[in-house]
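Grab a pencil and have a go at these exercises before you peek at the solutions. The model comes first.

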Amino acid sequence: MTQLDALLSSLARERSTGALRIGRNGTIFLADGRVTYMECSQTPGVERLLSARGVLSETKLRSLQAEEGGCDRLLAEGAVTPGELQYAVLGVVLDAAFFLLPVTGSRPKFRPGERHWLGGQWYFDVAGLVRECARRRAQLAEAWPSADMDTLPVRPVTRLPGHGVTLNRIQWEVLVRADGKATPVELARQIGRPCYPVLLAVRRLAAAGLLELPEPPPERRTGRRATAPEAEQKLPKRAARRPAPAPRADTAGASSLGPATTGDPTDLALLMRLKKALEELS
Amino acid sequence: MLGIDSCLAEVMAIPGALDAMLVDHTSGMAVAFSNDSGVDADRSAAALTEALRATTDGLARTCPGDVVRVDDMLVTTDKGHHLLRLLETVFEGPLVLYVRLDLERSNIALARHRLQSISSRLTT
């Protein structure tokens with residue numbers, strides 16, 4: 001359990017209401033011990049996504065945000081349904097949690113009583129958030145075991161290593177926007193999507209051999225698609241050699257828990273539960 | 001205009017409905033589930049997402065030159081019907097409405113029609 005998880009769990013036990021600011025990385029809003037909203041400097045918020053989709057202008061959103069009962073007004077105007085807003089908050093909070101919960105090294109400050117204007121749409125318990133983040137990490141590791149692609153610029157290969165390929169729409173958007181300089185997080189901002197789906201799309205593109213890999217090993221020069229066992233053998237080593245940045249550290253940890261990098265979500269979930277139970281015992 | 005919980009309740013009100021679930025297609029996460037007994041919602045959500053992804057990929061290959069957009073998907077087994085409907089929302093998506101129907105007591109045409117009307121009230 002990270003420091004932040006422990007702090008959040010204790011705030012949840014005390015049924016606190018307020019905002020927990022984690023340095024410049026973001027803010028977690030709680031109401032009555034449950035998480036209602038999260039802001040993260042890396043991931044887009046609900047306001048950003050709504051304006052990116054052209055639902056409401058940013059000025060309009062800002063004025064709603066400033067006034068009392070702005071969230072009710074937003075729903076009353078009918079631009080989004082309650083279900084859509086709930087779904088948006090759910091997605092944004094989980095996306096922020098994925099990057100925010102592993103953050104270490106900044107001292108969190110709790111300000112009691114503070115609320116977010118979109119809080120109260122969906123309530124999360126801390127254990128559930130931690131579990132979902134672990135599941136997402138395992139899903140990323142399953143798509144492609146190396147975390148290298150998460151932080152490096154996305155560089156599509158110039159020639160298709162085969163005759164045809166199917167892409168889903170996020171992969172399409174990533175390839176269209178990729179200029180060889182933007183990282184997945186920057187691409188997510190440009191596309192106006194949450195970060196996690198973009199990370200997943202990038203890893204799947206890498207697994208399909210559609211991206212230039214950093215320092216490819218000589219065997220890859222055949223122009224053929226990298227086979228999965230080969231990738232599994234090579235990549236974790238490279239990932240281990242380079243110190244990963246803070247939010248990514250857990251990904252590397254998650255994929256190296258077992259002997260193979262299959263990253264079965266159930267094993268991981270069980271391990272997390274066991275670890276938590278042991279920590280609570282001591 | 002529906003919220004997520006009321007949407008799930010309406011899906012369960014479809015004649016013959018046994019379970020219903022809302023799934024976030026991008027991450028494979030169960031957003032809401034009708035009952036907690038017996039079924040592992042997280043696992044089934046992840047599995048249904050994979051099934052949809054495989055179907056979309058398969059269809060993309062069988063209709064070359066077309067962009068595949070799945071509206072709904074029906075699988076009938078010896079025990080019942082499984083109906084999935086994909087919803088576009090203003091946020092990320094698609095959101096998947098899943099309902100498992102009793103083979104004897106359900107009417108597929110009616111169930112599809114009801115899912116369609118529920119989805120039109122869940123999204124703008």
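**Exercise 1.** Which domains does the domain assignment of chain A give? Then work out what the domain 1 side of their contact is made of.

*Solution.* Remember that this is a predicted model. Start with the bounds: in chain A, domain 1 covers 3-124 and domain 2 covers 135-281. Next, count across the contact, where 15 residues of domain 1 meet 11 residues of domain 2 of chain A. Now look at the domain 1 side: α2 (46-52) and α5 (82-100) of chain A each bring at least two residues to it. The largest share is from α5(A), with 5 residues. Sorted by class, that side holds 8 nonpolar, 5 polar and 2 charged residues.

**Exercise 2.** Describe the contact of chain A with chain B, from the chain A side.

*Solution.* Chain A puts in 24 residues and chain B 23. On the chain A side, two or more residues come from each of α2, α5, α6 (126-143) and α10 (195-207). Here α5(A) gives the largest share, 8 residues. The class tally for this side is 12 nonpolar, 6 polar and 6 charged.

**Exercise 3.** Which residues of the largest nonpolar core touch the most other members?

*Solution.* The core has 98 residues, and the ones to pick are V89(A), V93(A), A97(A), V11(B) and V99(B). By element, α5(A) supplies the largest share, 13 residues. By domain, at least three residues come from each of domain 1 and domain 2 of chain A. Finally, zoom in on V99(B): leaving out residues up to four places away in sequence, V99(B) touches V11(B), I14(B), A17(B), A20(B), L83(B), A111(B) and L115(B).

Definitions and conventions. Residues are numbered from 1 along each chain as its sequence is written. Chains are lettered from A and ligands numbered from 1 in the order in which they are written. This is a predicted model: local features need pLDDT of at least 70, side-chain atom pairs count only at pLDDT 80 or more; totals for chains, interfaces and linings use all residues. Domain bounds come from an automatic or database domain assignment. Two residues are in contact if their C-beta atoms, placed from the backbone, lie within 7 Å. Helices (H or I, at least four residues) and strands (E, at least two) are DSSP runs, numbered from the N terminus. Ala, Val, Leu, Ile, Met, Phe, Trp, Tyr, Cys and Pro count as nonpolar, Asp, Glu, Lys and Arg as charged, and the others, Gly among them, as polar. A nonpolar core is a set of buried Ala, Val, Leu, Ile, Met, Phe, Trp, Tyr and Cys residues joined through C-beta atoms within 7 Å. A residue is buried if 20 or more other C-beta atoms lie within 10 Å of its own, exposed if 12 or fewer, and partly exposed in between; C-beta atoms are placed from the backbone.
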